[in-house]
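Please walk through the fold of the model shown here, starting with one chain as a whole and ending where two chains meet.

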Amino acid sequence: MKATNKINDRFDFAVFVPAILLLIIGLVAIYSSTVNHPTASGDFKKQVVTSIIALIIFGVAYSLPNRMYKSFVIPGFIISLFFLIVVLFFGKTVYGAKSWLSIGPIGFQPSEFGKIGLIFFLSYLLTSKRRNPNNVKDFSIILAYSMLPVLLVILEPDVGTAIVYIFIITIMLFWSGIDLFFVFVAVAPIAVLFSSFFGFAAFILLMIIVVALLFYFKKNIFVNMSIIIFNMATVYLFDFGFKFLKPHQQKRIETFINPMSDPLGAGYNIIQTQVAIGSGGIWGKGFLQGNQTQLRFIPKQWTDFIYCVIGEEFGFIGSTIVIILFMILLYRLLKIASQVNDRFGSLVVLGIFAFIATHFVINIGMNLGIAPVIGIPLPFLSYGGSSLFVNMFLLGVVLNYYKNRREHV
Amino acid sequence: MSDKVFGSPLRKKIIFSVLTIIFASFIFQLLKMQIIEQKSYEKRSINNSIKRKVINSPRGIFFDRNFSVLISNKPSYTVEITPAIYDTSKQKIIENILHEEPNYITKLLHKKRIYSKHLPRVIKRNVPLNEVVWFEEHEEEIPGVKISVEMQRDYSFGINGSHLFGYLREINAKQLRARKDIYNMGDFIGIKGIERIYEESLRGKNGYQYILVDSRRKTIGRYLEGENDKKPIKGNDLLLTIDYATQKVAEKKFAKHRGSLIAIEPSTGEILAFVSAPQFNLEDFASVTSRKAIVALSNDENKPLFNRASKSIYPPGSTYKMIAALAALEEGIITKDYSVNCKWGYQYGNRFFRCTHKHNWTNLISSIEESCNTYYYQLILEIGLDRWAKYGRMFGFGKKTNFDLENESPGIVPDTEYYNRVYGKNKWSKGTLLSLGIGQGELSVTTLQMAQYISLLANFGKTKTPHIVKAYLEGNQNKAITLTFDDVTVDIKKKNFDIIREGMYKVVNGKEGTADNIKLANIAIAGKTGTSQNPHGKDHALFIGFAPFDNPKIAIVVLVENVGFGSTYAAPIARDVIKTYLEQFDENNFTAFNN
């Protein structure tokens, strides 16, 4: 009894078990979508090997003395910036973004590893020297540093990853105690704009929420009016800015709003993905029985669209299990973030939470047709080495801090 | 604010709540998609990967009465474009390869823009093999363009028969809308002639194959091992009444003439040869670009598209004299010995009606043999207009014959009521009657009616509705189903027919016969020449006849437009056609005559 307690005290199974289950479900789905594929049939074996290596990385990250992380913050950040610059010159273009770097036989995406650098560095910035994010000068310094990797990723251009970075930064700033009103001012226009894609009614609803929150913050009438006008204006500013986007980016936004506008072109993935998930029904069509998957209606399904393999072949039950596993994992990460006494450690865990949550929400939202198509992988499930190594490493870090949660550094 | 602290419980609560709302909305969306709307997604998923491939049924072909092929099918290559996946950047090259003018494809695609852009459109049919090879070699570079093999009419069997067979056209949008369940875009449909009338029988039924395709539309295999597939049902082949050799000779004889010819088997109404000249080339209608050909043909002053054999009307001239003769005999007005003294014509009131010769005393038989007009000027006055008209109608004039290819004119047999209607009561003189007696004036007939008339004369007042199709051969079983046609009878005494037929025999075989130039040693032909006056230039030459005299196997009508005498131009054609038909029996087996 005591022994079990002791293990539970040092190792959080509520984080580890869901992650491993998601990894296994991911492998099953990768197998199903690649086994009959002419060029990708070897990907399942590769991913098994990747998973084993990822588990070792997890073990290492868990066992390292946790003080080491802090000492690696600055060199880690510099290395990740270095690779983000190198990739702009020597990178391989994949799906329109110069995001892939090959060193000998090994290829990886610097933007994936850059997330580690960002989380640690931002945690360091926000917790060392007693910087106060509500101080304008401190805030400007923090923002300037953290926007560096974002700008580099946008140059690739990989807007999807940049969005993930911004989400991580925003959530970490939020956790660090930044003024809620400030967060509100920053987030509300994005929410209003997003809602406007779903029609006029959704836009009005969001505006009502904005007004309600303004009552809560009890600011003066001038500030309130400015905020309301600015929020309404975002929609028009967006239309204006839209013209400056690249055609393929415009198309993505257009097809998100109305996939049927181009059913064989940019809207194709969205439609086919939804058809795959919807046609799965309650129980799914069965392992290897999904015609959308087996007949390869969704290109590169084992990467960003892995969730619709599960949706089609394992139905509502399988899809819901995946969401519940993420729920357990994310709630648990949030809890650990508040349990860890060390502020740096707490912020790192929260950053990891933000990272996994952002990937999860954007990826599943895209698969279900309620978020725009942003090509980012689903953590633990999607095929790919870089992403899984990073995920498992960060999970090792989380459990490491869990193990040492009572320490103050 | 009190909350501006690191990792405060409020902030944890906010994150927790936002996350929970997102989880809930995901589960809600899954419920909606996978349980509430599952059926519609499933349908789309099946439509996605299971394609119904139409397998066209081969169209029925045409046999002559002895199972010789008249028109068949041949495979041909067709270029199709599916606009949804078509890459226009290669258009110029494709147009060059197909030897079409620039923008040919743009125009065609524009014309068919109302169809779904995921459906392939036929761009060109009958593409030669060397061009097809190019398309196959460059398949990867020209998405949306594909080559398919279609069956097309094969007209290479030596018979033209343009008005007889008619032609096929690609079904247009309007026709397609009305018959969506049967036809698909790009299907052919019969427009004229047998192809139109027997469309339903010839068409057959398209089959379907359900195939599994992947996202690149590549075939993966059969769906449910072909359980739901439907085999195409072949169109019915038609066994025509046409005789290959007879038709061929008839067409050849009309190569340089305008006019019409119908040869018919008197006892059955089966049409052995059917020509309307000038003909047109059916091959011109086989391709998509047939519009130009049609416009050229419809502007041609010889009106090649017009079916002269069943649609064109003209006065029958002397060939109609037998009607007056039979009427007079049957009504007891005259006997065969009734004679008239012909002195170059007949004085009626202040007008002199001319005859071709001074025939002197002429009886009924020699009036036919020598075609004396004077005799009939007097005879029609004795019979009277309405009784004369009644006999004409008994022989099927003045109304449609119910010919199976339709598209015929009723012609005109004038009577009192007709003249009253046209000129007003009492505003026309009896003199108009005299022209009618020799088959001129308002009297108008079609070659088809004449064919029925000569059949009745040949076969003592008994025949069947003239027709082209004898039987059809059930598509998949090859069972012949014979069509039946109505009897056509004229109630006239045999002895009166005998008198008339004797006169007709003498036309060819008598000393003074008007068509003694076509007398044959081995075949006894009977007939009557005619010259039809018309306002468009020279007279039409006419000949009607039958043979052999004792047991008629073939009756014939020949009309050659604007050439002159019937004996000179029409009769020799009739002789050659009759000879061709009857001599076949000689060579093969004479017993064929008696079955």
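What percentage of the 409 residues in chain A do buried residues make up? They make up 47%, a residue being buried if 20 or more other C-beta atoms, placed from the backbone, lie within 10 Å of its own, exposed if 12 or fewer, and partly exposed in between. This is a predicted model, in which local features need pLDDT of at least 70 and side-chain atom pairs count only at pLDDT 80 or more, while totals for chains, interfaces and linings use all residues. Residues are numbered from 1 along each chain as its sequence is written, and chains are lettered from A and ligands numbered from 1 in the order in which they are written.

Chain A has 17 helices and three strands; these are DSSP runs numbered from the N terminus, helices being H or I of at least four residues and strands E of at least two. Of the contacts in chain A between residues at least 6 apart in sequence, 69% join residues at least 24 apart, with contact defined as C-beta atoms, placed from the backbone, within 7 Å.

The strands β1-β2-β3 of chain A, in that order, form an open sheet with antiparallel pairing; two strands pair if DSSP finds at least two bridges between them. β1 (92-94) and β3 (106-108) of chain A are at the edges with a single partner strand each, so one side of each has no neighbour in the sheet. Neighbouring strands of this sheet are turned by 40° against each other on average, direction ignored, as taken from axes that are lines fitted to C-alpha atoms. Three bridges link β1(A) to β2(A) (residues 97-103), and A:T93 stands opposite A:K98.

In chain B, all seven residues of strand β11 (259-265) are buried. One face carries B:G259, B:L261, B:A263 and B:E265, and the other B:S260, B:I262 and B:I264. β11(B) pairs antiparallel with β12(B) (residues 270-277) over seven bridges, where B:A263 stands opposite B:A273. The two strands form a hairpin with four residues between them, and B:G269 in the turn has a positive phi of about 75°. β11(B) is also joined by six bridges to β23(B) (residues 554-560), again antiparallel, with B:S260 opposite B:L559.

Between the chains, 35 residues of chain B are in contact with 38 residues of chain A. On the chain B side, α1 (9-36) and α2 (38-49) are the elements that give two or more residues, and α1(B) gives the most, with 14 residues.

Key
Contact = placed C-beta atoms within 7 Å. Axes fitted to C-alpha atoms, helices over the stretch in contact; angles between N-to-C directions.
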